[in-house]
Amino acid sequence: MDINNPKGILIHSDGLSRRDFVKYLLAGSTLSVAALNKLNAAVYQSITSLNQKYIKDESPDGIYWDALQKHFLFQDGIVMMNNGTIGPMPKPVFNTLIKIFKLQVTNPYDCYNFIPGKKEEVRTKLAKFIGASPEEVVITRNTTEGINFVVNGLDLKEGDEVLLSNMEHPGGICPWELKAKRYGVIIKEVEIGLPPKSTEEFVDSFRKAITPKTKVISISHTVYISGLISPVKELCQMAHDKGILVLADSAHGIGMLDLNMKELGVDFFATSPYKWLGASTGVGVLYVRKEVQDKLWPTIASSGWNTNEGARKFETLGQRADALMIALGEAVDFQDAIGKQRIERRIKSLAGYLKQELKKIPGVKLHTSEDPYLSGGLTAFSIAGVELQKIVDYVREKYNIVVRTVGSKEKGTYGIRVSTPIYVSFNHVDMFVKGVRYLTSRR
Ligand SMILES: Cc1ncc(COP(=O)(O)O)c(C=O)c1O
């Protein structure tokens with residue numbers, strides 16, 4: 001059974017028809033490991049051939065992306081434009097999940113021996129994928145856990161200050177509230193615009209809030225309410241000059257953006273690969289910069305907490321859901337086969353087009369920056385005098401398009417949020433905008 005080299009087999013078509021594939025999913029427990037490997041090999045072969053054919057062609061829509069869309073597992077007809085909450089899985093990732101679960105239930109002993117090596121392979125892949133070293137990559141369970149590991153693990157004392165933005169997710173606020181209650185740490189909120197006008201404006205608002213007691217800036221890299229991509233690199237340069245640590249909540253970052261930790265220069269970076277990368281829920285990634293690892297205590301301790309090298313000491317969580325971790329490695333392989341840069345470009349092209357078309361509708365206010373440096377695949381907007389939930393319900397009913405509302409009416413951040421991942425098309429964006437225009441015209 002060749003579990004270690006699933007991509008070694010070369011076959012020239014998808015191997016199975018869509019109907020057969022669904023049948024196989026339903027009969028997952030009886031499908032052999034070899035058959036699952038073969039299915040995955042066929043997907044990678046198809047991507048390689050698409051890449052060769054369209055290598056010089058950005059292919060903004062059409063054959064390349066249509067073909068890729070078919071490698072995802074969707075119910076027929078659903079247009080998932082809210083993977084910002086939970087994303088779909090490409091077929092190879094699901095196949096790998098089944099494969100490892102199968103191994104676990106049929107031969108737990110072999111599984112126990114074979115998994116640890118694979119886990120390190122996943123760490124190495126992840127490190128390369130995010131521009132870090134394996135010693136800096138902690139495999140967590142999600143962003144919330146990653147943030148909690150940092151907040152709990154830092155030695156802060158009464159009166160120390162931490163700066164948060166006014167648009168943090170509960171997963172980025174609550175750990176600090178707990179820390180404040182237990183240790184007297186002071187949380188200060190910094191207003192960031194909806195959207196900020198520029199990188200300078202963003203960095204300046206934090207600079208102004210810094211006092212000699214400021215120890216940490218803890219902000220969203222990917223702001224879930226507004227779709228802002230915070231200029232973390234510039235923020236870190238400013239903060240590090242003053243000896244302040246930066247923790248970035250990038251729940252949406254991995255799989256959406258061509259990430260490079262070294263370039264960002266951030267100290268801690270927590271992300272959830274089940275949103276944009278196509279991994280399963282239940283696995284997350286926390287980057288801890290090598291130079292600051294001695295400032296961080298592990299939060300959970302089992303064998304290795306004080307002897308493991310590098311990031312592994314923050315990860316002594318006992319037995320893990322290994323299949324999820326191995327499938328995370330497969331999700332990285334899938335995106336690598338397409339190319340991170342190509343993915344970011346596609347996502348931003350779709351988002352740029354969406355913004356351009358929304359702006360043509362009278363009364364639309366974009367909550368997301370139009371600057372591609374300050375935005376990514378999440379676009380948020382509101383429309384004066386229109387009940388936004390009605391739009392969400394209408395596009396679902398009419399086109400089977402899934403989007404959501406976010407933010408708070410009281411704080412003026414309430415809006416519709418649309419995700420534009422690689423498997424939606426410009427045609428889908430047009431359908432969505434048509435729905436918005438229709439309801440808006442009936443105001
Ligand atoms: C910005 C942000 N931070 C944190 C989280 C929490 O993510 P998780 O539930 O994967 O821990 C989310 C979830 O959507 C988010 O959008």
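Modeller: By class, the shell around the ligand has 2 nonpolar, 9 polar and 1 charged residues; here Ala, Val, Leu, Ile, Met, Phe, Trp, Tyr, Cys and Pro count as nonpolar, Asp, Glu, Lys and Arg as charged, and the others, Gly among them, as polar. Bear in mind that this is a predicted model, where local features need pLDDT of at least 70, side-chain atom pairs count only at pLDDT 80 or more, and totals for chains, interfaces and linings use all residues. Residues are numbered from 1 along each chain as its sequence is written.

Who's in that shell? Among its residues are Asn142, Thr143, Thr144, His169, Gly171, Gly172, Asp249 and Ala251, each with its C-beta atom, placed from the backbone, within 6 Å of the ligand. Helices H6 and H7 each supply at least two residues of the shell (helices are DSSP runs of H or I, at least four residues, numbered from the N terminus).

Now for that pair: the axes of H6 (residues 143-153) and H7 (residues 170-183) come within 9 Å and cross at roughly 30°. Axes are lines fitted to C-alpha atoms over the stretch in contact, with angles running from 0 to 180 degrees between N-to-C directions. H6 and H7 are therefore roughly parallel to each other, a label for angles under 35 degrees. The contact is made by Thr143, Thr144, Ile147, Asn148 and Val151 of H6 and by Gly171, Gly172, Pro175, Trp176 and Lys179 of H7, contact meaning C-beta atoms, placed from the backbone, within 7 Å. Sorted by class, those residues come out as 4 nonpolar, 5 polar and 1 charged.

Key. Angles under 35 degrees count as roughly parallel, over 145 as roughly antiparallel, 65 to 115 as roughly perpendicular and the rest as oblique. Two residues are in contact if their C-beta atoms, placed from the backbone, lie within 7 Å.
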